[in-house]
Amino acid sequence: MTFAETVREILADASKAPERPTPGNLAERISREAERYLDRVRFDSAQYVRHPVLLWDDWEVMIIGWESGQLTPVHDHRGVLGGMAMLSGSLLEERFMTPGLVPRLADSRIRPEGDLCDIGPTTLHRLISKTPRAVSLHIYRPPLRTMGIWDERGMIEIRPSTFDVGEEVLARAAATPAGARC
Ligand SMILES: [Fe+2]
């Protein structure tokens with residue numbers, strides 16, 4: 001079974017449960033599966049690397065490989081609900097309020113390995129890698145197609161959300177069967 005098929009099964013199972021599944025409460029289960037694929041995650045000294053894992057139904061799952069100091073712009077998710085799990089390394093997350101429609105830092109916290117968090121539909125934030133390498137898992141519902149990009153003047157652009165590698169890197173990868181490793 002490929003990584004994408006495994007994640008799809010987790011999402012399908014969760015959708016049958018009485019509680020409506022959210023990205024935040026699925027992050028832990030999917031992150032346990034993602035451990036098997038960490039050695040396939042790519043890094044680039046020029047820019048963090050966004051890997052597609054699954055676009056299915058009303059869900060998106062993505063993994064990002066970070067090198068030290070790489071950072072996102074300040075961005076919002078256009079009303080999409082998100083969840084994040086730290087698979088390895090640490091990120092600094094800065095969250096912003098928007099008094100007068102310009103960003104003002106409201107909260108800053110380290111997200112260490114194993115950290116799980118919800119990212120609400122109105123969250124405005126940025127992420128900064130704080131370890132030599134870091135890997136984070138992101139889940140969105142519905143899929144994140146666009147993001148609002150902000151600077152000190154306010155929102156300056158609505159930018160498509162894109163991937164940096166093809167799905168053959170992670171989504172189509174199959175886990176090594178138990179016992180196959182020496
Ligand atoms: Fe984000």
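**View 1. Trp56 in strand 1.** Trp56 lies in strand 1, residues 49–56. Strands are DSSP runs of E of at least two residues, helices are runs of H or I of at least four, and both are numbered from the N terminus. The model shown is predicted: local features need pLDDT of at least 70, side-chain atom pairs count only at pLDDT 80 or more, and totals for chains, interfaces and linings use all residues. Residues are numbered from 1 along each chain as its sequence is written. Trp56 is partly exposed, because 14 other C-beta atoms lie within 10 Å. A residue counts as buried with 20 or more other C-beta atoms within 10 Å of its own, as exposed with 12 or fewer, and as partly exposed in between, with C-beta atoms placed from the backbone. Apart from neighbours within four places in sequence, Trp56 is in contact with Arg8 and Leu11. Contact means that the C-beta atoms of two residues, placed from the backbone, lie within 7 Å. His138 is 82 residues from Trp56 along the chain, and their C-alpha atoms are separated by 14 Å.

**View 2. Helix 1 packed with helix 2.** Helix 1 (residues 3–16) and helix 2 (residues 23–34) pack at an angle of about 155°, and their axes are 10 Å apart. Helix 1 is therefore roughly antiparallel to helix 2. Axes are lines fitted to C-alpha atoms, for helices over the stretch in contact, and angles run from 0 to 180 degrees between N-to-C directions. Angles over 145 degrees count as roughly antiparallel, under 35 as roughly parallel, 65 to 115 as roughly perpendicular, and the rest as oblique. From helix 1, Thr6, Val7, Ile10, Leu11 and Ala14 meet Leu26, Arg29, Ile30 and Glu33 of helix 2. The residues of this contact divide into 6 nonpolar, 1 polar and 2 charged. Here Ala, Val, Leu, Ile, Met, Phe, Trp, Tyr, Cys and Pro count as nonpolar, Asp, Glu, Lys and Arg as charged, and the others, Gly among them, as polar.

**View 3. Leu81 in strand 4.** Leu81 is placed in strand 4, residues 81–88. Leu81 has 18 other C-beta atoms within 10 Å and so is partly exposed. Not counting residues up to four places away in sequence, Leu81 touches Thr22, Pro23, Pro121 and Arg141. Ala34 is 47 residues from Leu81 in sequence and 20 Å away in space, C-alpha to C-alpha.

**View 4. The cis peptide bond between Arg141 and Pro142.** Arg141 and Pro142 are joined by a cis peptide bond with omega of about -5°. Pro142 belongs to the loop between strand 9 (133–141) and strand 10 (146–151).

View 5. Arg78 lies in the loop between strand 3 (74–76) and strand 4. The phi of Arg78 is near 55°, a positive value in a residue other than glycine. Arg78 is partly exposed, because 15 other C-beta atoms lie within 10 Å. Leu101 is in the loop between strand 5 (91–97) and strand 6 (104–111). The phi of Leu101 is near 65°, which is positive in a residue other than glycine. Leu101 has 9 other C-beta atoms within 10 Å and so is exposed.
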